[in-house]
Amino acid sequence: MNRTGLLSLLAVSTAMSLVVGCSKDTPPAQQPQQGYNGQYPQQPGYPQQPGYPQQPGYPQQQQPGYPQQQQPGYPQQQPGQQPPAQQGGGLQIPGLTPQPSSGGASGGSAQALDPNLAQLAVAPLTVFANTEAPGMAKEGPTVAGNFQEGQTLEGTFTFQPGKCYTLVAVGAGIQNIDLEMQYVTPLPGLSPSIGKDSQTGAQASIGGKANCLKPLSPFPANAKFIVKATKGAGVAAAQLYSK
């Protein structure tokens with residue numbers, strides 16, 4: 001091959017090398033890898049780790065209600081049920097709480113009656129007064145009442161100096177009547193007795209048959225008389241006389 005042909009071959013080879021070199025594209029810049037779905041991007045040289053799935057929230061454990069334990073010896077109270085009412089406004093203690101009398105009413109006041117409605121006792125009272133308080137005048141109104149056994153009824157008067165007093169009472173249906181006259185004082189529980197009857201039965205008197213009671217004090221004093229049905233029940237009437 002001559003020199004001229006060799007130069008031409010070198011020139012062609014050089015041109016082809018330039019064309020091939022210019023045709024290659026510049027590789028794109030490497031984009032940073034983005035994780036998705038909560039997964040970490042793959043690290044060079046390490047296999048891709050799977051993302052941990054989100055743990056579901058634990059459901060709240062509802063504790064079963066503890067059944068109410070019934071104490072032995074105590075009945076369980078039902079809803080809406082009221083406790084039994086306590087008698088007498090307080091705790092009833094066996095052996096200390098007064099028990100009602102089996103023989104009927106005991107103590108307390110008798111039911112006061114109009115004397116016109118108690119003629120069963122008022123009528124014989126007038127006859128009895130003619131014997132026990134002859135020539136004496138009535139001192140205050142007639143007291144009458146409907147009695148249960150043990151009940152009492154009271155009347156008030158002024159115990160005047162210079163006077164003489166007799167108290168009479170008659171019962172109908174009542175087997176025994178007791179009478180007493182007392183001073184009235186402002187001190188609780190202090191009521192000195194003026195006199196008591198000494199009879200038994202449905203008729204009683206204090207200061208009867210010329211034995212009337214006279215005040216020892218020169219000053220007037222507040223007083224009262226008490227009629228009590230100590231046995232039996234029924235109607236009774238009482239009247240105070242003076243002269």
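The expected span of a helix is 1.5 Å times one less than its number of residues; helices (H or I, at least four residues) and strands (E, at least two) are DSSP runs, numbered from the N terminus. The structure is a predicted model, in which local features need pLDDT of at least 70 and side-chain atom pairs count only at pLDDT 80 or more, while totals for chains, interfaces and linings use all residues. Residues are numbered from 1 along each chain as its sequence is written, and side-chain values use heavy atoms, with hydrogens and water left out.

**View 1. The protein chain holds two helices and eight strands.**
Along the sequence, these elements follow the pattern α-β-α-β-β-β-β-β-β-β. Of the 243 residues in the chain, 26% are buried, where buried means under 20% relative accessible area, exposed means over 50%, and partly exposed lies in between (1.4 Å probe, protein chains only). The chain has an accessible surface of about 18,100 Å², 55% of which belongs to carbon and sulfur atoms; such areas come from the Shrake-Rupley method with a 1.4 Å probe, and for residues only the protein chains shown count as cover. Among contacts (heavy atoms within 4.5 Å) between residues at least 6 apart in sequence, 81% join residues at least 24 apart.

**View 2. Helix H2 runs over residues 119-132 and bends at Thr-126.**

**View 3. The largest nonpolar core has 23 residues.**
A nonpolar core is a set of buried Ala, Val, Leu, Ile, Met, Phe, Trp, Tyr and Cys residues joined through side-chain atoms within 4.5 Å. In the largest one, the residues that touch the most other members are Phe-147, Phe-157, Ile-177, Leu-179, Met-181 and Phe-225, and the elements giving two or more residues to this core are E3, E4, E5, E7 and E8. Apart from it lies another core, of 16 residues, with Met-136, Ala-144, Val-170 and Cys-212 among them. Leaving aside residues up to four places away in sequence, Phe-147 touches Ala-110, Thr-152, Leu-153, Ile-174, Val-227, Ala-229, Ala-233, Gly-234 and Ala-236.

**View 4. Thr-166, in strand E5, makes a polar contact with Gly-207.**
Thr-166 counts as buried because its relative accessible area is 0%. A polar atom of the Thr-166 side chain lies 2.6 Å from the backbone oxygen of Gly-207; a polar contact is a pair of N or O atoms within 3.5 Å, and within protein one must be able to donate a hydrogen and the other to accept it, while residues adjacent in sequence count only if both atoms are side-chain atoms. Not counting residues up to four places away in sequence, the residues that Thr-166 touches are Glu-132, Ala-133, Met-136, Ile-206, Gly-207, Gly-208, Cys-212, Gln-239, Leu-240 and Tyr-241.

Lys-209 has a phi near 60°, a positive value in a residue other than glycine, and Ala-210, which is not a glycine either, has a positive phi of about 65°. Lys-209 is exposed because its relative accessible area is 51%, and Ala-210 is exposed with a relative accessible area of 72%. The C-alpha atom of Lys-209 is 6.9 Å from that of Thr-131, although these residues are 78 residues apart in sequence.

**View 5. Gln-151 occupies the loop between strand E3 (143-147) and strand E4 (152-159).**
The side chain of Gln-151 reaches the backbone nitrogen of Gln-148 at 2.9 Å, and Gln-151 counts as buried because its relative accessible area is 12%.

**View 6. Asp-114 sits in the loop between strand E1 (111-113) and H2.**
Its relative accessibility is 40%, so Asp-114 counts as partly exposed. Asp-114 and Val-143 are 29 residues apart along the chain, and their C-alpha atoms are separated by 8.1 Å.

Conventions:
Bend = angle between axes of the 7 residues up to and from the residue.
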